[in-house]
Amino acid sequence: MSFKKFLFSFTFIKQLLIAITIVCATLYLFIVWIGFTTNHGQEIIVPNLSKLTLEQAEDKLSELDLDYELLDTVDYNADYPKLSIVQQDPNPGEKVKQNRVIYLKINSTGYSKVRIPDLIQKTYRQAVPTLAALGLEVGDTSYVPNLAKDMILEMKMNGQPVKAGQQVLKMTKVDLVLGDGKIGFEEEELNNSENDSIKNDLKQ
């Protein structure tokens with residue numbers, strides 16, 4: 001039998017159809033398997049875990065076939081209960097697959113301590129961002145006679161003097177004593193008055 005006749009023979013066509021059927025079935029089973037293993041079309045909406053404890057979050061995630069991993073404890077935030085969830089990734093409302101890990105960060109049990117920076121001889125404008133960067137706040141400000149206007153001369157807390165390097169809790173308010181910038185003008189006016197008085201005495 002020639003090759004051309006073989007291509008159009010019943011035996012070849014039958015084998016070709018069987019081969020095509022096997023390939024199609026294999027592809028179909030592969031697609032079904034991929035869809036099953038990746039939960040194709042089955043998405044879970046990530047719940048909002050904000051302000052929940054780890055135990056509460058674990059129960060909620062288990063019901064949805066999701067898992068979690070605790071990444072870190074963040075600085076204390078008074079808007080959240082102690083040891084409650086502050087941040088999560090993915091965010092609430094996002095769609096994920098089954099068994100997806102949700103990464104969590106929880107609130108600390110209290111404010112951490114920082115050292116008071118050396119603000120003496122610094123200006124008020126310099127002090128504000130310096131304190132804010134450390135998690136501290138500017139409290140009351142008062143002025144005393146001094147040549148340098150708005151220069152910090154003393155730091156206080158609850159009415160008591162504090163020194164640079166002293167440890168305090170974050171969010172502590174530091175009171176500042178500033179120069180009013182008037183003493184130089186007052187001395188100049190006093191000197192001018194004294195000079196005028198001397199001149200008047202000499203004329204007499």
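Before anything else, the cut-offs I need for exposure: under 20% relative accessible area is buried, over 50% is exposed, and in between is partly exposed. I also noted that this is a predicted model.

**Overview.** Of its 204 residues, 23% are buried. I then checked contacts with a separation of 6 or more, and 71% of them join residues 24 or more positions apart. The chain exposes about 14,600 Å², and I noted that carbon and sulfur atoms supply 56% of that area.

**Aromatic pairs.** How many aromatic pairs does a search of the whole structure find? I got 1. The partners are Tyr76 and Tyr111, with 4.8 Å centre to centre and 90 degrees between the planes, which makes the pair edge-to-face. Where do they sit in the chain? Tyr76 is in the loop between β2 (67-74) and β3 (85-89), and Tyr111 is in the loop between β5 (101-107) and β6 (113-115), so the pair ties together parts 35 residues apart in sequence.

**A charge over a ring.** I also looked at Tyr80. The charged end of Lys51 sits over the Tyr80 ring, 5.6 Å from the ring centre.

**Salt bridges.** Side chains of opposite charge can pair when their charged atoms come close. I went looking for such pairs and the count came to 1 salt bridge. In it, the side chain of Lys170 meets that of Asp75 at 2.8 Å, N to O. This pair links distant parts of the chain, 95 residues apart: Lys170 is in the loop between β10 (167-169) and β11 (173-179), while Asp75 is in the loop between β2 and β3. I checked accessibility for Asp75 too: at 49%, Asp75 counts as partly exposed.

I jotted down that the loop between β2 and β3 turns up in both pairings, with Tyr76 and with Asp75.

I followed up on Ile13, which lies in helix α2 (residues 10-37). Ile13 has a relative accessible area of 39% and is partly exposed.

Definitions and conventions
Residues numbered from 1 in each chain as written. Predicted model: local features only at pLDDT ≥ 70, side-chain atom pairs only at ≥ 80, totals over all residues. Heavy atoms only, no water. Phe/Tyr/Trp six-rings, centres within 6.5 Å; stacked < 30°, edge-to-face > 60°. Helix = DSSP H or I, 4+ residues; strand = E, 2+ residues; numbered from the N terminus. Lys NZ or Arg CZ within 6 Å of the ring centre and 35° of its normal. Buried < 20%, exposed > 50% of the residue type's maximum accessible area, 1.4 Å probe, protein only. Contact = heavy atoms within 4.5 Å. Areas by Shrake-Rupley, 256 points an atom, 1.4 Å probe, with all protein chains shown as cover. Salt bridge = Lys/Arg side-chain N within 4 Å of Asp/Glu carboxyl O.
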